[in-house]
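Subject: Structure handover and notes

Hello,

Here is the structure for your files. My notes on what was found in it follow below.

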Amino acid sequence: MTQYKINQKDVFFILKEQLNYGSLCSLTRYESLTEKTLDLLVSEAMRFAKTAVAPLSEVGEEKGVSHEKGQVTCPSEFREVFRQCGADGWTAAARDTDYGGQGFPHMMRIVINDFMYGACQSFNMAPSLTHGAAHLIESFGAEALKQAFVPRMYDGTFSGTMCLTEPEAGSNLAATQTTAYPDGDHYRIKGNKIFISWGDHDIADNIVHLILARTEGAPEGVRGISLFVVPKYRLDENGRPGEFNDVVCTGIEEKLGLHASPTAALAFGSKDDCVGYLCGEPNRGLAHMFQMMNSARINTGVSGMTLGSNAYQHALEYTRQRIQGADVAKRKEGYVPIIDHPDVRRMLLWMKASVDGMRSMIYTAAFWAELAEEGTAEETRQHYQALTDFMTPIVKAYCSDTGFRVCETAMQCLGGYGYCRDYPIEQFLRDAKIMSLYEGTNGIQAIDLMGRKMRINDGAMFNAFCREIASFFEQNRDHEGLGKYVRDLENAYARVREMAEEMRGRNESDRLQWGSYSYPALLCFAEIVMVWRLLDMARIAYERAGKKGRKNDFFRGKVAQATFYADLTLPHTIERSKTCMREGREIVEIPDAAF
């Protein structure tokens, strides 16, 4: 039995009824597509995730990966599915057809990753990283680099990585020490990288590393970093992997989770024979890499959400089947399924709302990113690009943290069984924890949101967010059944906006105090977005929720989760926003020795 569970109706409700994603087919790039085509893509991606990818989750946990004599070995099943993922078009579903893509909307990459990460997080990191690395080359590389690597990465012959972290350069990439020396039409690369996901393995014929390094005489700091393409094997005259390129895996990490995803330490040029190729402009490497990094941040949020979604579905199934205890109100005789117990129902409803709200948040951000890239009017593109930039740290931080909390709550629903390997929730919990650490810790995301995203371009990103949510208030504050909750949200948003303005001032005058409360401030914005997205779905479902018949229970669920979540969350949001403005300075003034 597959470990992967998902409610298909929830997915299509967001895509079709909330976002009207079929409207993307009116954009010039997609005018050959129809909504029915997109529906088929979603259904087929879900089927592939369930049948091909999901079995890898148990296989990977059982077999893991090994490192011996500089080579990492993975379960053989991973190689087969990685190839199939590329050959069937899933890796490059949203890329242009020029280099082997399928030409679907960019947001479909996020939807597909929802299913693939949910089915097997360890595995899908490989095609997802490959897609990101290939797209970097496609965006910034010379034509020869594109022709040599991109089609083979998209079709599953080669894989790709992003190589940023070094022993002394984690989040602070300005400290990067890896060097690149010109040598004819290429460069000689020398340095060490750590924590490289899928940095070495045997599931592809070649591994194409996108690596940050400094050229001789480059400026200090991030302005002196360039981007290079460094394959594990150099290509021969026929474009096939040939001579070894002096990229050695010196070890793999022993981790809490993601046991089938090799996290490698790599030595480049230890024998002075590592060749790399400049990708893009010199000293613009970090700016180029941000394309992949921002995509990875969104996908980290996707991972947290979909692992939580899977855990919730398992908990829901278990609570419907597990018979334990009597009904507290004596509505039924004898022992009852634990889904009848009020506290279990509380946990289930919180998980349901959290998962649906996060999925809507992520899909909405992906839809906005689509309009930012493919919208017809410049003003429209600018507005949605600003929205996308504002939402990126929120999606990454909130969905990674909350996805973990959902896994934890799902485990609580199963009692002691949830802690055991008889059920997969403990694996989901372990796999989910890394998401708050990946791609810039969540504290760093909060600093980005409450710093750069509030300040640059005269606050254009924050202003775009304010305009978008104000439109929702204007249209729905007098809704016959949900108006009260919309007005509650509007009131909470006003308090959060007041806090944001205060924080913006402190960023200039008192950065220590500002930094002390950046993460709680991010949570305030995230909860505003969550309630907004849930109420938006409730608005769409409201009329059908009032009709009789079990077939309308689905729509009643949309309304119930929104009103429950709004009432339980917004009071906390308001009070948290007050704490972000407090004058107490304990965080910055407590002596180190007093901790």
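K330 is found in the loop between β13 (323–326) and β14 (335–337). Please keep in mind throughout that this is a predicted model. The phi of K330 is near 60°, a positive value in a residue other than glycine. Most residues other than glycine have a negative phi. K330 counts as exposed because its relative accessibility is 72%, and the cut-off for that class is over 50%.

L258 is not a glycine either, yet has a positive phi of about 50°. This residue sits in the loop between β10 (247–252) and β11 (263–268). Is L258 buried or exposed? With a relative accessible area of 2%, L258 is buried.

Strands β8 (residues 233–235) and β9 (residues 241–244) pair in the antiparallel sense, over 2 bridges.

On salt bridges:

The search of the whole structure gives 45 salt bridges. Three of them are set out here.

- R188 and D183: the closest N and O atoms are 2.8 Å apart. R188 counts as partly exposed at 25% relative accessibility, and D183 is partly exposed too, with a relative accessible area of 32%.
- E426 and R430: the closest N and O atoms are 2.9 Å apart. Both residues lie in helix α11, 4 residues apart, which is about one turn of the helix. E426 counts as buried at 12% relative accessibility, and R430 counts as buried at 11%. The cut-off for buried is under 20%.
- R506 and E502: the closest N and O atoms are 3.1 Å apart. These two residues are 4 residues apart in helix α14 (residues 483–509), so about one helical turn separates them. R506 counts as buried at 6% relative accessibility, whereas E502 counts as partly exposed at 32%.

Some salt bridges share partners, and in this way D183, R188, R234, E243 and D273 are joined into one network.

On helix α6:

Helix α6 (residues 121–140) has 20 residues. How far does α6 reach from its first C-alpha to its last? The span is 28 Å, close to the 28 Å expected at 1.5 Å a residue. α6 is mostly covered, with 18 of its 20 residues buried.

On empty space:

Rolling a probe the size of a water molecule over the atoms shows where empty space is left. How many cavities of 30 Å³ or more does a search of the whole structure find? The search finds 1. The largest cavity holds about 30 Å³ of space. Its lining consists of S57, Y117, G118, A119, C120, Q121, L307, Q427, F428 and D431. By class, the lining of the largest cavity has 5 nonpolar, 4 polar and 1 charged residues.

The second largest pocket has a volume of about 640 Å³. It is lined by 20 residues, and Y312, L316, R320, L349 and K352 are the ones that lie nearest its centre. Which elements give two or more residues to the lining of the second largest pocket? They are α8 (285–321), α9 (342–374) and α17 (553–579). Of these, α9 gives the most, with 7 residues. The lining of this pocket is made up of 8 nonpolar, 4 polar and 8 charged residues.

Regards

Methods:
Residues are numbered from 1 along each chain as its sequence is written. This is a predicted model: local features need pLDDT of at least 70, side-chain atom pairs count only at pLDDT 80 or more; totals for chains, interfaces and linings use all residues. Side-chain values use heavy atoms; hydrogens and water are left out. On a 1 Å grid over the protein atoms alone, a cavity is a set of points where a 1.4 Å probe fits but cannot get out, and a pocket is an open set with protein on both sides within 12 Å along at least five of seven lines; lining residues have an atom within 4 Å of a point. Grid points are joined across faces, edges and corners, and a volume is the space filled by probe spheres set on the points. Ala, Val, Leu, Ile, Met, Phe, Trp, Tyr, Cys and Pro count as nonpolar, Asp, Glu, Lys and Arg as charged, and the others, Gly among them, as polar. The expected span of a helix is 1.5 Å times one less than its number of residues. Buried means under 20% relative accessible area, exposed over 50%, partly exposed in between (1.4 Å probe, protein chains only). Two strands pair if DSSP finds at least two bridges between them. A salt bridge is a side-chain nitrogen of Lys or Arg within 4 Å of a carboxyl oxygen of Asp or Glu.
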